[in-house]
Number of protein chains: 2
Amino acid sequence: LARIALDAMGGDFAPDAAIAGALQAVLELAPEHTLQLVGPTNVIRERVSALSTGDLAAAAALADRLEVIEAPDVIEMSDKPTAALRSKPNSSMVVGLRLQTEGRSDAFISAGNTGAQMAASTVLLKLHTGLTRPAIATLFPTSRQPMVVLDSGANVDCSAQELVQFARLGAVYAEDVLGRHNPIVGLLSIGEESEKGNAVVKEANQLLRNAGVNFQGNIEGRDLPAGGSDRGPIDVVVCDGFVGNVVLKFYEAIGPMMMGMLQKHGVDPSTLRIALKHLDYSEYGGAPLLGVRGVSVISHGKSSPRAIKNAIKLAAKTVETRMIEHIGRRLGETNGNAGAPA
Amino acid sequence: LARIALDAMGGDFAPDAAIAGALQAVLELAPEHTLQLVGPTNVIRERVSALSTGDLAAAAALADRLEVIEAPDVIEMSDKPTAALRSKPNSSMVVGLRLQTEGRSDAFISAGNTGAQMAASTVLLKLHTGLTRPAIATLFPTSRQPMVVLDSGANVDCSAQELVQFARLGAVYAEDVLGRHNPIVGLLSIGEESEKGNAVVKEANQLLRNAGVNFQGNIEGRDLPAGGSDRGPIDVVVCDGFVGNVVLKFYEAIGPMMMGMLQKHGVDPSTLRIALKHLDYSEYGGAPLLGVRGVSVISHGKSSPRAIKNAIKLAAKTVETRMIEHIGRRLGETNGNAGAPA
């Protein structure tokens with residue numbers, strides 16, 4: 001049973017993309033899961049009925065699985081993260097995350113202000129014992145199978161110890177959500193040899209050998225599209241959030257650019273869409289912020305209803321597999337209440 | 001008049017790729033340019049005659065434009081750069097670069113051991129006054145026009161001051177070799193705003209405002225395939241060699257990966273090749289090591305004859321435009337002998 005809260009007001013196409021995504025998700029999710037739409041109640045109710053036509057009418061009928069939670073304020077994309085948390089305690093972001101601290105919800109998803117979501121998640125859900133920072137874990141399409149890349153933007157200057165923590169977090173995520181057994185971890189660098197890389201990466205390469213993860217060594221930029229090297233596939237790619245964010249945004253942009261070039265040369269657009277479908281980010285819907293004692297899924301600001309639906313499914317999976325509890329255990333927490341923030 | 005030395009023994013397909021590339025270049029280059037093939041004389045002569053069939057026979061006839069320079073040793077890909085310089089003073093790499101210090105040559109190209117080429121270029125050609133490091137300047141195909149990305153792998157941990165030097169070096173390269181007037185410089189970061197980035201990038205953003213370059217501000221990973229943002233095109237992208245190398249290798253790998261996916265879905269391979277032709281790295285042939293007082297072009301180890309030919313043309317262009325002199329001037333050298341190492 002997962003109770004998944006969704007920031008109805010987050011993202012460039014809010015509230016409609018969020019609400020339509022939630023309605024689609026209700027139809028597809030196992031019946032024990034419920035959704036909580038967080039935002040101004042009147043706006044949400046109005047949009048739910050407006051969007052409840054065709055297939056979605058059936059979803060709206062499942063009213064007992066779709067709760068509306070009142071939150072009058074909205075944190076805008078332009079708001080300063082930390083200031084917004086303080087000045088807007090009744091925003092959909094803060095209210096939605098607080099549901100978890102109150103034990104009323106199991107996961108939160110937003111396509112809104114990412115900085116505010118990171119700050120609010122860290123402050124409200126708190127970090128697992130021993131962690132200094134959370135990390136955004138993005139699923140990265142490859143020609144083999146998706147990889148987890150983290151950190152993909154939460155942290156810019158990371159220590160080697162923090163990269164090791166990212167490896168542990170990513171390994172649990174790959175195990176629980178992607179179903180990878182004993183996931184293989186690669187460290188993103190500029191050469192396979194352990195002495196290649198910047199100072200932090202070289203130190204992390206040494207630390208990862210005794211970090212309790214299945215560490216394969218360094219991988220290079222060229223191994224990313226292939227999902228691994230000739231030494232085998234990779235499940236988790238560890239890097240700092242600066243490199244991770246640059247690579248991620250580059251990757252997001254390159255598919256459409258190539259599509260455009262190929263269409264100009266007469267390649268049929270529908271063939272292109274089918275061929276490159278698995279490079280489509282909305283397939284994954286969102287990236288969890290790992291390291292906090294709760295589930296906080298960050299969706300792209302431009303998320304479509306389909307992306308939101310997939311983010312909801314991802315969140316459900318993290319709850320079903322008890323990922324947060326597993327992360328706590330992997331990090332050596334022994335107080336038994338990891339995943340149930342006070 | 002450019003005298004261009006080519007390491008005949010460097011690269012995975014040496015000596016044939018180098019020699020065939022040189023023969024093709026002789027046919028296409030303006031007649032005032034000459035080539036110097038550096039390596040074991042007997043091997044080179046034997047391969048020149050073996051490869052001189054068909055179109056290339058005409059090239060071989062131009063013997064006065066194709067000099068062979070004896071260098072019995074070869075630095076292997078597996079050799080440690082600095083050790084190899086000392087232990088193999090008669091290698092094609094060292095002999096080829098030394099031609100410039102002796103005033104007998106204007107440029108050097110190798111597809112061999114990159115680390116050794118960087119070390120040998122720095123030691124033999126010396127750095128321009130005020131520089132602490134050289135940078136590899138790679139041409140990056142985009143959907144607009146190629147950009148210069150530097151550093152793309154020579155330096156892993158860079159200071160903000162070094163990033164500023166890279167901006168100056170890259171601007172002269174873009175001006176002279178790409179013909180860009182007052183080239184626009186972007187700093188690779190994780191957000192457009194000047195306060196986004198890691199500590200070094202944030203400091204560099206401030207320094208670049210008064211660095212005598214046409215600085216547009218931060219750019220993001222998503223701006224790379226497009227060759228700029230909605231604020232306009234970019235000519236020079238500045239980043240440290242860790243990020244630059246990861247992005248470059250990622251880019252090199254993604255074209256073939258997408259080609260493979262599209263072919264699987266029945267898209268005609270020849271259409272793909274034509275459409276994605278300008279993403280082909282051999283189009284550019286090589287990346288100069290900027291910052292040294294001479295021309296040292298680094299080619300990919302897997303360079304084809306065509307890539308070598310294009311590297312030779314690039315080297316010729318740097319000599320024709322007196323790029324090294326311009327770099328010296330831009331860096332404030334006033335001794336008038338920049339580009340003519342002692």
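B:Leu187 sits opposite B:Val238 of strand β12 in chain B. The strands involved, β8 (residues 184–188) and β12 (residues 236–238) of chain B, run parallel and are joined by 3 bridges. Two strands are taken to pair if DSSP finds at least two bridges between them; helices (H or I, at least four residues) and strands (E, at least two) are DSSP runs, numbered from the N terminus. The model is a predicted one, in which local features need pLDDT of at least 70 and side-chain atom pairs count only at pLDDT 80 or more, while totals for chains, interfaces and linings use all residues. Residues are numbered from 1 along each chain as its sequence is written, chains are lettered from A and ligands numbered from 1 in the order in which they are written, and side-chain values use heavy atoms, with hydrogens and water left out.

Both strands belong to an open sheet of 5 strands in chain B, ordered β6-β7-β12-β8-β9 and mixed in its pairing. At its edges are β6 (138–140) and β9 (214–219) of chain B, each of which pairs on one side only. From one strand to the next, the twist averages 30 degrees. Helix α8 (residues 199–207) of chain B packs on this sheet and touches β8 and β9 of chain B; contact here means heavy atoms within 4.5 Å. The direction of α8 makes about 160 degrees with that of β8 in chain B. Axes are lines fitted to C-alpha atoms, for helices over the stretch in contact, and angles run from 0 to 180 degrees between N-to-C directions.

Over in chain A, an open sheet of 5 strands has the order β6-β7-β12-β8-β9, again with mixed pairing. Here β6 (138–140) and β9 (214–219) of chain A stand at the edges with a single partner strand each, so one side of each has no neighbour in the sheet. Neighbouring strands are turned by 30 degrees against each other on average, ignoring direction. Within this sheet, β8 (residues 184–188) and β12 (residues 236–238) of chain A make a parallel pair over 3 bridges, and A:Leu187 stands opposite A:Val238.

Back in chain B, strand β13 (residues 287–290) is covered on both faces: A buried pair, B:Ala287 and B:Leu289, lies on one side, and B:Pro288 and B:Leu290, also buried, lie on the other. Buried means under 20% relative accessible area, with exposed over 50% and partly exposed in between (1.4 Å probe, protein chains only). An antiparallel pairing with 2 bridges links β13 to strand β5 (residues 135–136) of chain B, where B:Ile136 has B:Leu289 as its bridge partner. Strand β13 also pairs with β14 (residues 296–298) of chain B, antiparallel and over 2 bridges, with B:Pro288 partnered by B:Val297. These two strands, β13 and β14 of chain B, form a hairpin with 5 residues between them, and B:Gly291 in the turn has a positive phi of about 115 degrees.

Now for helix α12 (residues 305–320) of chain A. Just after the helix, A:Arg322 takes a positive phi of about 55 degrees.

A:Leu29 lies in the loop between α1 (16–28) and β2 (34–39) of chain A and counts as buried, at 11% relative accessibility. Neighbours within four places aside, A:Leu29 contacts A:Arg65, A:Ile312, A:Lys313 and A:Ala316. The C-alpha atoms of A:Leu29 and A:Lys309 are separated by 9.4 Å, though the two residues are 280 residues apart along the chain.

A:Ile312 and B:Ile312 have the most contacts inside the largest nonpolar core, which has 180 residues. Such a core is a set of buried Ala, Val, Leu, Ile, Met, Phe, Trp, Tyr and Cys residues joined through side-chain atoms within 4.5 Å. Residues up to four places away aside, B:Ile312 touches several residues, among them B:Ile4, B:Leu6, B:Leu29 and B:Ile109.

As for how the chains meet, 44 residues from chain B and 44 residues from chain A take part in the contact. About 3,900 Å² is buried between them, with carbon and sulfur atoms giving 81%; buried area is the accessible area (1.4 Å probe) that two parts lose on being put together, summed over both. B:Ile190, B:Phe242 and B:Phe250 supply 18% of the area that chain B buries against chain A, more than any other three residues.
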